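Let me put the model up on the screen, and then I'll walk you through it.

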Amino acid sequence: MLASALRILVIDENRIRAAIIEAGLREAGHAEVTLVDDVTGIAARIAALQPDVIVIDIENPNRDMLENMFQLSRAVKRPIAMFVDRSDTASIEAAVDAGVSAYVVDGLKKERVKPILDMAISRFNAFSRMERELEEARTELESRKTVERAKGILMKSRGLSEQEAYALLRKTAMNQNRKIGDVAQSLVTAAGLLGAGDDQ
């Protein structure tokens, strides 16, 4: 996505600091920048604006304010760059756990906004890719386990070898234009209902 096409939401209760961020973003070629200085109802605003990236600036963060922002981070599933003036180890760890892509302590300078935003987007994309790959691996593992159970059911109930049971599952999947894992799941479910898979 082109930099100029990114929709960026800046959340900052301090208008002077927000202006610094906005200036840095506009100088970097970002045209769609929205400033919000009141965090009341911010989740609804985010839903309405649908930003691609969120920049949060908290001048003097207290624990409650940070926790609210971290809850927001968990909910929105977008790259978030957070600027704070001071921090501690617990806050940094909480930010990482909440999915904040860039957490910058005492670094609000106009010329730093673009590289930090770029880093936040890159980190978010890398993390999202890893989450997707992990979910695919989990799904694949579950599917394999289900296929193994289905083969066991066929081997026991129909006296088939392991290869014959797998061939039957594959043939059924092809005939029904379904994935072999889905056919296996149907068989395991049916066997469970009929009591045939009790000792599997």
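Before we start, one cut-off: when I say buried, I mean a relative accessible area under 20%, while exposed means over 50%, and partly exposed is anything in between. And keep in mind that what you're looking at is a predicted model.

Is K151 buried or exposed? K151 comes out at 7% relative accessibility, so this lysine counts as buried. You'll find K151 in helix α5, which covers residues 110-158. And what does K151 touch, once we skip residues up to four places away in sequence? The list is E162, A165, Y166 and L169.

Now, zooming out. How many helices and strands are there? There are seven helices and five strands in the protein. Going along the sequence, the order reads β-α-β-α-β-α-β-α-β-α-α-α.

On to overall dimensions. The C-alpha trace spans about 75 × 35 × 25 Å along the principal axes of the protein. The radius of gyration is 25 Å, whereas a compact globule of 200 residues would have one near 16 Å. Of those 200 residues, 36% are buried. The protein exposes about 11,900 Å², and 52% of that is supplied by carbon and sulfur atoms.

A word on contacts and charges. If you take contacts with a separation of 6 or more, 62% of them are between residues 24 or more positions apart. As for charge, the protein carries 28 positive and 31 negative charges, and their mean positions are 6 Å apart.

Okay, the inside. Which residues have the most contacts within the largest nonpolar core? That core has 21 residues, and the ones to click on are I54, I56, F70, L72, M82 and Y103. The largest share comes from α3, with five residues. There's also a second, separate core of 18 residues, and among its members are V10, I21, L108 and A120.

Leaving out residues up to four places away in sequence, L72 touches I11, I42, A43, I46 and I56.

Q50 isn't a glycine, yet it has a positive phi of about 50 degrees. You'll see Q50 in the loop between α2 and β3. With a relative accessible area of 38%, Q50 is partly exposed. The other one is N177, also not a glycine, with a positive phi of about 55 degrees. Where does N177 lie? Look in the loop between α6 (162-176) and α7 (180-194). N177 has 73% relative accessibility, so it counts as exposed.

Last stop is D97, over in helix α4. At 63% relative accessibility, D97 is over the cut-off, so it counts as exposed. And how far is D97 from V55? They're 42 residues apart in sequence and 17 Å apart in space, going C-alpha to C-alpha.

Notes
Residues numbered from 1 in each chain as written. Predicted model: local features only at pLDDT ≥ 70, side-chain atom pairs only at ≥ 80, totals over all residues. Heavy atoms only, no water. Helix = DSSP H or I, 4+ residues; strand = E, 2+ residues; numbered from the N terminus. Rg over C-alpha atoms; globule rule 2.2 N^0.38 Å. Buried < 20%, exposed > 50% of the residue type's maximum accessible area, 1.4 Å probe, protein only. Contact = heavy atoms within 4.5 Å. Areas by Shrake-Rupley, 256 points an atom, 1.4 Å probe, with all protein chains shown as cover. Lys, Arg positive; Asp, Glu negative; His and termini not counted. Charge placed at Lys NZ, Arg CZ, Asp CG, Glu CD. Core = buried A, V, L, I, M, F, W, Y, C linked by side-chain atoms within 4.5 Å.
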